[in-house]
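The tour has two stops.

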Amino acid sequence: MVELETHRLHWSERESNARTYARGIDRVISKGNLARVYDSNGREYVDCLACAGALPLGHNHPLIQQRVVDFLNSGQLQQALDIATPAKLAFIEQLYRVLPPAFAKHAKIQFCGPSGSDGIEASLKLFKTATGRRSVLVFQGAYHGMTMGSLGMMGNLEPKQAVSGYPAEIQFLPFPYGYRSPFGTNVAETERLSLVYLENLLSDPESGVTKPAMLLVEPIQGEGGCIPVSVEWLIGLRDITARYDVPLVMDEVQTGFGRSGDMFAHEWAGIVPDAIVMSKAIGGGYPLAVMAYHEKYDKWNPGAHAGTFRGNQIALISGAATLEYLQRPGVLEMVRVVGLHLQQRLQTLQDRFSCIGEVRGRGLMLGVELIDPNSEPDALGRPQANGTLAKALKRACLEYGLIIESGGRHGAVMRFLPPLIITANDVDIIIQKFEAALESLWSTSVPNLVAFDHCLPGRSV
Ligand SMILES: Cc1ncc(COP(=O)(O)O)c(C=O)c1O
């Protein structure tokens, strides 16, 4: 065990400065079982990261394990480009079962290089080709991946700063981030104004933006800070894009496959988009990405979006098993119930800790925005985001046996993204650990907490 840790320290010096999760989780994780992982010293952690949402059934789920082991012993091809194989055909069948029926009726699918970013690149190419247009609309705070096209459509400036050469004519729109409204108004008004803004941009002959090839949106903003939107906003978005003939592309890379309590987060609003980009959970822990789109846009040429590893057969097997599991009666219902339990327990913490500005999200995609209650409030009266506390809290959580990531503006949002199979009992353990970590920091680094008691308890201050 000590040997493994020495190895880790040795090799981490050789790893790129751009490495990410390995910095925060600075230990060797050697085993995993559903929502638990174990380091090389046998310490147990509850996993609230689930490989950034890519493990809906957690680590080593028996169904996935069994299917993969059976497949490995079957003599079937293990890699097959995008050639038809039994694994691919079975996967496609399962995928069409879970796609929203009104969408599935006209859907074509494109297997992409196995990452969400490549699925997004595919959507850029397809809709530019099919519409003959150049510009695209995206939202502030968006995260669509790290390749050049998707990075160009990212809100977060940090990874963009040092790089140039993104696709031209990417137009950012204000996202209805209710807690820190880009319009300085309340949530409902923020949503209304963001739609007014969009419609004005599409109708104004002097908007400066040529007619867009697509509007790309996350139905719950993930890396931007776990920001949900209302049904009304999604319906409004669909309505405007349909009226102005702008293809609406849902980035369901993080929200897809039950994460929000619905199979796809946009389904909540009963709308039908023009395309859905899927990755992460779709492979049940193995790399896979698919873009599905309305057949009327299928105007690109053979080979327009190729890639060697689009037919990872193990991912197709594991993905099909995952989709099958998620369709079982009661599974998504349980995500909603357990998610609500987690949200309510976090809200109870909010009543005790004035460093919690807002608890938000849907299903098992929840965020806790941390604030500095002693800071100068912004125009809306919100205290400043507290990225410093979030960073320390992430570290403290690890020490208490909880793996959790932070994200959002200024890195101030603690993001709860556990496997979808967690139980109410797991939630109670997560809360115990999170609370203990919070208490350890609050009592040491902010001893004069009582001085901030003017912050009203409630869902958001
Ligand atoms: C909404 C969304 N889109 C796209 C991506 C990019 O996916 P990948 O990291 O697999 O390239 C992510 C990754 O977190 C994401 O959350």
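This is a predicted model. Start at the ligand and pick Tyr143: a polar backbone atom of this residue is 3.3 Å from a ligand nitrogen atom. Next, select Asp251. Here a polar side-chain atom sits 2.7 Å from a nitrogen atom of the ligand. Move on to Gly116, where a polar backbone atom lies 2.8 Å from a ligand oxygen atom. How much of the ligand's accessible area does the protein cover? On its own the ligand has 390 Å², and the protein covers 85% of that.

Select Ser115, Gly116, Ser117, Tyr143, His144, Gly145, Glu218, Asp251, Val253, Gln254 and Lys280. Colour these residues by class: two are nonpolar, six polar and three charged.

Second stop: the helix pair. Select residues 187–203 for helix 9 and residues 231–243 for helix 10. Their axes are 10 Å apart and meet at an angle of about 5 degrees. Angles under 35 degrees count as roughly parallel, so helix 9 and helix 10 are roughly parallel to each other.

Show the side chains at the contact. Helix 9 brings Glu191, Ser194, Leu195, Leu198, Glu199 and Leu202. Helix 10 brings Trp233, Gly236, Leu237, Ile240 and Arg243. Colour this contact by class too: six residues are nonpolar, two polar and three charged.

Notes:
Residues are numbered from 1 along each chain as its sequence is written. This is a predicted model: local features need pLDDT of at least 70, side-chain atom pairs count only at pLDDT 80 or more; totals for chains, interfaces and linings use all residues. Side-chain values use heavy atoms; hydrogens and water are left out. Axes are lines fitted to C-alpha atoms, for helices over the stretch in contact, and angles run from 0 to 180 degrees between N-to-C directions. Helices (H or I, at least four residues) and strands (E, at least two) are DSSP runs, numbered from the N terminus. Angles under 35 degrees count as roughly parallel, over 145 as roughly antiparallel, 65 to 115 as roughly perpendicular and the rest as oblique. Contact means heavy atoms within 4.5 Å. Ala, Val, Leu, Ile, Met, Phe, Trp, Tyr, Cys and Pro count as nonpolar, Asp, Glu, Lys and Arg as charged, and the others, Gly among them, as polar. A residue is near a molecule or strand if one of its heavy atoms lies within 4 Å of it. A polar contact is a pair of N or O atoms within 3.5 Å; within protein, one must be able to donate a hydrogen and the other to accept it, and residues adjacent in sequence count only if both atoms are side-chain atoms. Accessible areas come from the Shrake-Rupley method with a 1.4 Å probe; for residues, only the protein chains shown count as cover.
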